[in-house]
Amino acid sequence: MKRRTMIGAVALAFAMSVGTAAVAEGLPPLEKKDRYKVGFPQMESNNPWRIAETKSFQDTAEACNWDLVATDAAGSAAKQVADVDSMIAQGIDILFLPPREEKPLIPAVMRAKAAGIPTFLVDRSVDPNVAKAGEHYVAFLGSDFIDQGRRVAEWTLENFKGDKGTIIQLEGTTGSSPANDRKKGFDDVIAKHDNMTIVASQTGDFARDMGRQVMETLLQAHPDVNIVYAHNDEMAIGAIQALELAGRKPGDDVLVVSIDGTRDALQAIIDGKMGVTVESSPFFGPLACEVMGRYASGETIEPWVKVEDRIFTKENAAKHVDEAY
Ligand code: GYE
């Protein structure tokens with residue numbers, strides 16, 4: 001009797017110390033294996049950027065020995081959380097999560113960690129005040145969105161021909177990290193220039209059709225607009241359609257600037273309808289494979305694996321249009 005209690009106490013103490021050690025170490029490790037079950041819960045597939053990103057993961061699967069489990073949340077953060085839960089239940093080894101919005105996906109990040117699944121955020125991040133790289137998830141792989149917004153603003157200041165800029169901003173998905181940061185980077189630069197005014201800033205949810213609709217409405221309230229800054233190319237293309245429908249001449253009487261580097265945007269630059277797009281690459285598959293390999297070897301991964309972005313203008317758009325998506 002006594003002995004069993006002793007063993008029980010030792011076992012409990014051991015379990016506690018293991019438990020504490022795991023918490024102190026923080027992140028779940030990744031075992032070295034021949035094949036990995038990899039979760040990629042895509043947020044939506046309504047634009048070429050998302051389709052190119054999913055394809056990049058699919059194309060990487062064979063070379064990187066992944067059994068890829070990919071889902072599509074069709075634009076719903078709640079569905080994306082449910083997709084992560086189902087991947088955890090299916091026993092994925094590792095999670096590459098593009099969180100649609102900064103806050104609603106945090107419980108999914110926490111549950112993946114609690115289930116012992118190392119998680120990497122790809123292309124978007126979550127609220128850094130609540131969930132932290134190196135603690136709740138391993139790392140964020142992606143671009144510097146503040147810098148993208150800043151670079152668009154600087155290019156606009158250098159290339160705008162008029163005296164006074166009247167700017168409409170089409171924001172990305174409300175509550176998403178690229179929408180928050182692309183706005184901040186742009187607004188901070190523009191605020192330092194008295195001849196530039198942002199007269200309206202509204203979400204178009206990163207979607208072409210919504211960008212067109214929002215632009216149609218805003219154009220009626222602000223017919224004097226001469227600069228449109230869209231947080232992504234799809235909304236920029238939507239805005240160009242709305243402008244043309246209203247008899248305006250994008251590229252001539254309105255400067256359209258944006259971010260991503262899609263094929264349609266590069267073509268719009270070649271056609272003279274758009275001024276610039278700062279790159280935001282969707283090709284995360286190979287990077288995910290490389291970083292995962294380093295993590296499995298026991299390396300500590302830097303909290304932000306930064307993607308460097310090019311800039312596309314009439315100087316180089318024709319050179320890159322064929323490789324664009
Ligand atoms: O710019 C946009 C997409 O999160 C960086 O999301 C990504 C953005 C990209 O829907 O087109």
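Tutor: The account below begins with the domains and then turns to the spaces and a helix pair. The model is a predicted one. It is divided into domain 1, which covers 2–142 + 282–308, and domain 2, which covers 145–279. Taken over C-alpha atoms, the centres of domain 1 and domain 2 are separated by 34 Å. Twelve residues from domain 1 and 16 residues from domain 2 take part in the contact.

The structure holds one cavity of 30 Å³ or more. The largest cavity contains about 160 Å³ of space. Its lining is made up of 17 residues, and Trp49, Arg50, Arg124, Arg182 and Asp260 are the closest to its centre. Both domain 1 and domain 2 give residues to this lining, so the largest cavity lies between them. Helices H2 and H6 each supply at least two of the lining residues. By class, the lining of the largest cavity has five nonpolar, six polar and six charged residues.

Domain 1 and domain 2 each contribute at least three residues to the lining of the second largest pocket. In class terms, that lining divides into ten nonpolar, three polar and four charged residues.

The largest pocket may be set beside these spaces. It holds about 410 Å³ of space. Of its 19 lining residues, Trp155, Asn159, Lys161, Gly251 and Leu255 lie nearest its centre. Six nonpolar, seven polar and six charged residues form the lining of the largest pocket.

Helix H2, which contributes to the cavity lining, also packs against another helix. The axes of H2 (residues 48–63) and H10 (residues 285–296) come within 7 Å and cross at roughly 50°. H2 and H10 are therefore oblique to each other. At their contact, Ser56, Phe57 and Thr60 in H2 meet Gly285, Pro286, Ala288 and Cys289 in H10. This contact has four nonpolar, three polar and no charged residues.

Technical notes:
Residues numbered from 1 in each chain as written. Predicted model: local features only at pLDDT ≥ 70, side-chain atom pairs only at ≥ 80, totals over all residues. Heavy atoms only, no water. Axes fitted to C-alpha atoms, helices over the stretch in contact; angles between N-to-C directions. Helix = DSSP H or I, 4+ residues; strand = E, 2+ residues; numbered from the N terminus. Parallel < 35°, antiparallel > 145°, perpendicular 65-115°, else oblique. Contact = heavy atoms within 4.5 Å. Nonpolar A, V, L, I, M, F, W, Y, C, P; charged D, E, K, R; others polar. 1 Å grid on protein atoms, 1.4 Å probe; cavity = no way out; pocket = protein on both sides within 12 Å on 5 of 7 lines; lining within 4 Å. Points joined across faces, edges and corners; volume = space filled by probe spheres on them. Domains from an automatic or database assignment.
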